[in-house]
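Subject: Structure for your review

Hello,

Please find the structure below, with the sequence alongside. My notes come after it.

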Amino acid sequence: MTMVIGDSNEMGLGGGFVVPDTNSFGQTFRDYDAASERQKSVEDFYRANHIHQTYDFVKKMREEYGKLDRVEMSIWECIELLNEFVDESDPDLDEPQIEHLLQTAEAIRKDYPDEDWLHLTGLIHDLGKVLLHPSFGQLPQWAVVGDTFPVGCAFDESNIHFKHFKENPDYNNPKYNTKLGVYSEGCGLENVLMSFGHDDYMYLVAKENKTTLPSAALFAIRYHSFYPLHKHGAYQYLLNKEDRENLKWLHIFNKYDLYSKSKVRIDVEEVKPYYLSLIEKYFPAKLKW
């Protein structure tokens, strides 16, 4: 049985993307308990991620990588660089990253032909995973990929493998372990520190390189791995009005991001000219990374 995504009608836009029954491994999507060859490595990943992603760690990484002083390259050069990696946190995918990026972008393009900014967002949303590359310090996977969550306030139980947060130094720190922690009600996600990784890094790259993408695109890039929010509705008390508007687009985007992880193959050379034209429209030729 398949189902057709319908939530996009809320935005006044039709959506005909058909959700496949199974992921690349022939199992249901985001099943972290499936007895697959990936299950143990995925849990090991989350244990390291949940232990080490502290408020102080995130501040340090944002300061270091926010300088954007490592490499100058184009968006497409970054896509090709990324193709060397497979995401260890993902229970649904074992394909090179360019496959997933183009699957996401092409599925969106089919349903939203007039929203070219959303096509480009699908293509570039994971480019921050270049943090895994030696020229970026070859960061461990737990500092680059996986579901994201706020630091500086209590960890919500909807987070995947929540039990491992109990080993995080912030878990028992009274400064950080209350519902609001260092934040205030409705402060807006712009003022919240998220666990460090490819989402936040690519957001910094896009913003600091003066992209002309709309705020909804930057929101999707920055929070597409924030599953506790957009899947479980957690952390709503941190959102402001603009966040709630952008969240509508994120819900649309994430269906394509998640469910396009199938064995559908994309002819890269055939679609490349279209995406190069979008990159030229919304980004400078060379970006600081």
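Predicted model: local features only at pLDDT ≥ 70, side-chain atom pairs only at ≥ 80, totals over all residues.

Overall make-up

The protein has 10 helices and four strands. Read from the N terminus, the order of elements is β-β-α-α-β-α-α-α-α-α-α-α-α-β. Of its 289 residues, 58% count as buried. Taking contacts between residues at least 6 apart in sequence, 77% join residues at least 24 apart.

Helices α6 and α7

Helix α6 spans residues 198–208 and helix α7 spans residues 215–223. Their axes lie 6 Å apart, and the two helices pack at an angle of about 150°. Angles over 145 degrees count as roughly antiparallel, and α6 and α7 are therefore roughly antiparallel to each other. On the α6 side the contact is made by Asp199, Asp200, Met202, Tyr203 and Ala206; α7 contributes Leu218, Ile221, Arg222 and Tyr223. Sorted by class, this contact has six nonpolar residues, three charged and no polar ones.

Both helices are well covered by the criterion used here. In α6, nine of the 11 residues are buried, so the helix is largely enclosed by the rest of the structure. The buried residues are His198, Asp199, Asp200, Tyr201, Met202, Tyr203, Leu204, Val205 and Ala206. The cover over them includes α2 (55–65), α3 (75–82), α5 (116–124), α7 and β4 (287–288). After α6 comes Lys210, which has a positive phi, near 60°.

In α7, eight of the nine residues are buried, so α7 too is largely enclosed by the rest of the structure. Those residues are Ala216, Ala217, Leu218, Phe219, Ala220, Ile221, Arg222 and Tyr223. Among them, Leu218, Ile221, Arg222 and Tyr223 are also the α7 residues in the contact with α6.

Helix α5

Helix α5, which is part of the cover over α6, is itself largely enclosed by the rest of the structure, because nine of its nine residues are buried. They are Asp116, Trp117, Leu118, His119, Leu120, Thr121, Gly122, Leu123 and Ile124.

The second largest cavity

The structure holds two cavities of 30 Å³ or more. By class, that gives seven polar, three nonpolar and two charged residues.

Helix α7 and helix α9 (241–259) each supply at least two of the lining residues. The largest share, five residues, comes from α7. By class, the pocket lining has five nonpolar, four charged and three polar residues.

Regards

Conventions:
Residues numbered from 1 in each chain as written. Heavy atoms only, no water. Axes fitted to C-alpha atoms, helices over the stretch in contact; angles between N-to-C directions. Parallel < 35°, antiparallel > 145°, perpendicular 65-115°, else oblique. Contact = heavy atoms within 4.5 Å. Nonpolar A, V, L, I, M, F, W, Y, C, P; charged D, E, K, R; others polar. Buried < 20%, exposed > 50% of the residue type's maximum accessible area, 1.4 Å probe, protein only. 1 Å grid on protein atoms, 1.4 Å probe; cavity = no way out; pocket = protein on both sides within 12 Å on 5 of 7 lines; lining within 4 Å. Points joined across faces, edges and corners; volume = space filled by probe spheres on them.
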